[in-house]
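Open the model in your viewer and follow the stops below. Each one gives a selection and then what is there.

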Amino acid sequence: MKKLILASIGFFMIHSSFAQKRYFTKTGTVSFRAGTAVEDIDGINKSTTSVFDATSGQMEFALLVKGFEFNSALMMEHFNENYMESDKYPKSVFKGTITNIDKLNFQKDGVYPVTVKGILEIHGVKKEVETTGSFKVSGETITSTAEFSVTLDDYKISIPGLVKDKISKTAKIKVNCSYAILK
Amino acid sequence: MKKLKKILLGMLITAIAGTGYGFYLFNKKPADVRKLTANYELTAATIVAEFNADETAANARYLDKVISTKGIVADVKVDTTGQATVFLDSGDPMAMVTCSFYSEEAVSAKNLQKGTEVTIKGKCTGKLMDVVLNKCSITQ
């Protein structure tokens, strides 16, 4: 009996260690475009941290708002001080799930469409977002891409009237990550 | 009449200077961190320890500042777009120093060997899991 219990515990442990296969990156890229025909406004963050669980599909992203790089000093200043208030809200976080994780085969190389749903926190405001993207499996590396839009107003980012025609009401966000297995 | 001319000329000069200054600001590039003198020189272990001890205080001291950090190369990652990131060991297994490089500096980052000591200069953007520096270059 004891042996049986031990064996089942052992089996359970092996099973759960498989279940907790996680992929991880610290060098994810998040970029956004919020410009209009009048002016390009682009920012890029190259040190985004992200992790996802290959079984449950749980997924998280975190980035430092001050880590966005711009082509213009003034844009960087306005982004941090006026719009994102990065001293007050230094981080942006997404917590959600890959809803079709069961359709992905991490043992088989290929490109898989994914749907991700969760809560995105920007500028201290949490809001639900849903987007589609893709996972490219090649061996132990997963390359992900996704693109979606957010409405600045939803996140209480207010644009002064003077520059209304220069800044888009929505920002297009692109996410690119290259994940490795977390050991 | 002469006075009026002077005033008008004065206004014109101010307007031109103002427009010029506005144009200058509008086109100004963010500072090249490679050309800036470091505000702080410390080891990877020290900066991680300071962020671990009191993140608010460390943010107040280091955010947006140019930091020169000395540490042992734990890992180098170069992605498909050529973007290079160097991780410095801090002695803390849960937190390193992430150094995201200028794309022009990626080549020098690629040549770094794991386990060697290096000094990297960059701008501190805060702490996620690691303390993050961006716009990095190797100084030594």
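Predicted model: local features only at pLDDT ≥ 70, side-chain atom pairs only at ≥ 80, totals over all residues.

Stop 1: Color by secondary structure. From the N terminus, the order is α-β-β-β-α-β-β-β-β-β. Chain A has 183 residues, and 29% of them count as buried.

**Stop 2: the strands of chain A.** Hide the rest. The eight strands form a closed barrel, β1-β2-β3-β4-β5-β6-β7-β8, with antiparallel pairing. From one strand to the next, the twist averages 25°.

**Stop 3: one strand pair.** Select residues 42-53 of chain A, strand β2, and residues 58-64 of chain A, strand β3. The two pair in the antiparallel sense over four bridges. Now show A:S50. Which residue stands opposite A:S50 in β3(A)? It is A:F61.

**Stop 4: helix α2 of chain B.** Select residues 44-53 of chain B. The buried residues of this helix are B:A44, B:I47, B:V48 and B:F51. They lie on the same side of α2(B), because they cover an arc of only 95° around the axis.

**Stop 5: B:I47 and the core.** Stay on B:I47. Leaving out residues up to four places away in sequence, B:I47 touches B:L42, B:I67, B:T69, B:V97 and B:V131. Now widen the view to the largest nonpolar core, which has 57 residues. Those with the most contacts inside it are B:I47, B:V86, B:L88, B:V97, B:C99, B:V131 and B:L133.

Definitions and conventions:
Residues numbered from 1 in each chain as written. Chains lettered and ligands numbered in written order. Buried ≥ 20, exposed ≤ 12 C-beta atoms within 10 Å, placed from the backbone. Arc of directions from axis to C-beta. Core = buried A, V, L, I, M, F, W, Y, C linked by C-beta atoms within 7 Å. Contact = placed C-beta atoms within 7 Å. Pairing = 2+ DSSP bridges. Axes fitted to C-alpha atoms, helices over the stretch in contact; angles between N-to-C directions.
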